[in-house]
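Keep the structure open beside you as you read.

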Amino acid sequence: MTAAAQAPGIPAWGHRHLLDVDRLTRAELATVIALGRRMAEARATGTAAGPLAGRTVATLFAEASTRTRVSFEVATRALGGEAVSLDAASSSLAKGESLIDTVRTLEALGAALLVVRHGRSGAAQLAAEHFGGHVVNAGDGWHAHPTQALLDLYTLAEVLGDARLPGAKVCIVGDVLHSRVARSDIWALTAAGIDLWVTGPAVFLRGFETWARALPGDRRLTVTGDLAAGIRDAAAVMALRVQRERLEGAGAPSEAAYAARWGLTEERIAAHAPDALVMHPGPVNEGVELPPDVVSGPRSLITRQVANGVPVRMAVMALLAGSRDGR
């Protein structure tokens, strides 16, 4: 597919797809944040532009989703596009049609941009290899969730300020091993200059010390099994959803044991990071990774993260809509 002319006011963008954030530079991350702010202002004033006018965005979700799916649909309409949602359970995928054939069908029906969520790592990459338009990865297996990482970075920039991001300490707590959010956050947050720490039960940190050593020298990632050290003096702490199906196996703690040892209670946060803000990619298992008083308390940025998903995804789709076929 030949790239469309660049919409007025939308910066040039050299990426045809967004499959992960690992190839985005600090300058490109800043472009997304700046454009996201413009999109948020445009929505608030009712002056959003229409770089997707006349275009169809198909959302193909083979896994359950509320926040991500709805925010992409809202973002599409805010940009003037038409959103078409494909429910995998009621589509031909349930009859055995392959992902490749489904992607080709959606393109034949006029979709210019495809948003894919799938339980298998690499599914978005496979879709991109067989789709003539633009593909956005909305989460694939344990691999990546790039727009979540971008909205997390956007939220941190919003509350801390751009100038405070470089060097700010942020800690991710929980099942890092099985988290596509954590993987994409590691790429995005360290690229932005954040001093990132990850902590959790040892069984959920396997391989991340090797990753930390392999990162470019100007990026900071610290892996620790000591929760107090991980969150100490952090500007923000992010709890990851406890994936219940992974607990009580392979040395993992029970749900009750996890909550007792790793749950981010107000008392625990106040003792080690009294000024920390609290984040969570959702959905939250209240009483496990976070108690209700923290979820809805003054530290919480959780609803702000959800709201910020719309302007950030608007920015991503606007950039892709005018991108040249490139990396």
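Helix α5 (residues 146-160) lies across β5, β8 and β9, running at about 165 degrees to β9. Contact here means heavy atoms within 4.5 Å. The angle is taken between N-to-C directions on a scale from 0 to 180 degrees, using axes that are lines fitted to C-alpha atoms, for helices over the stretch in contact. Helices (H or I, at least four residues) and strands (E, at least two) are DSSP runs, numbered from the N terminus.

A word on the ground rules: this is a predicted model, where local features need pLDDT of at least 70 and side-chain atom pairs count only at pLDDT 80 or more, while totals for chains, interfaces and linings use all residues. Residues are numbered from 1 along each chain as its sequence is written, and side-chain values use heavy atoms, with hydrogens and water left out.

Five strands make up an open sheet in the order β7-β6-β5-β8-β9, with parallel pairing; two strands pair if DSSP finds at least two bridges between them. At the edges stand β7 (220-224) and β9, each with a single partner strand, so one side of each is left without a neighbour in the sheet. From one strand to the next, the twist averages 20 degrees. Further in, strand β5 (residues 169-173) pairs with β8 in the parallel sense over four bridges, and V170 stands opposite A236 in β8.

Six of its six residues are buried, so β1 is largely enclosed by the rest of the structure. Buried means under 20% relative accessible area, exposed means over 50%, and partly exposed is in between (1.4 Å probe, protein chains only). Both faces of β1 are covered, with T56, A58 and L60 buried on one side and V57, T59 and F61 buried on the other. β1 pairs with β2 in the parallel sense over six bridges, and T56 stands opposite E82 in β2. Elsewhere in the sheet, strand β3 (residues 111-118) and β4 are joined in parallel by five bridges, with L114 opposite V135 in β4.

Next, the aromatic rings. The structure holds two aromatic pairs. One of them, W187 with W211, is tilted, at 5.4 Å centre to centre and 55 degrees between the planes. For the record, rings of Phe, Tyr and Trp (its six-membered ring) pair if their centres lie within 6.5 Å; planes under 30 degrees apart count as stacked, over 60 as edge-to-face and the rest as tilted. This pair links distant parts of the chain: W187 is in helix α6 (residues 180-191) and W211 in helix α7 (residues 208-214), 24 residues apart. W187 is partly exposed, at 22% relative accessible area, whereas W211 is buried, at 17%. Ring pairs tie W187, F208 and W211 into a cluster.

Two other rings have a charge over them, which takes NZ of Lys or CZ of Arg within 6 Å of the ring centre and within 35 degrees of the ring normal. The charged end of K169 sits over the ring of W197, 4.0 Å from its centre, and R261 lies over the face of W262, 4.2 Å from the ring centre.

G282 and P283 are joined by a cis peptide bond, with omega about -10 degrees; P283 lies in the loop between β9 (277-279) and α11 (292-295). D233 has a phi near 60 degrees, a positive value in a residue other than glycine. D233 sits in the loop between α8 (227-231) and β8 (236-239) and is exposed, with a relative accessible area of 60%.

Finally, step back to the whole chain: its secondary structure comes to twelve helices and nine strands, and buried residues make up 57% of its 327 residues.
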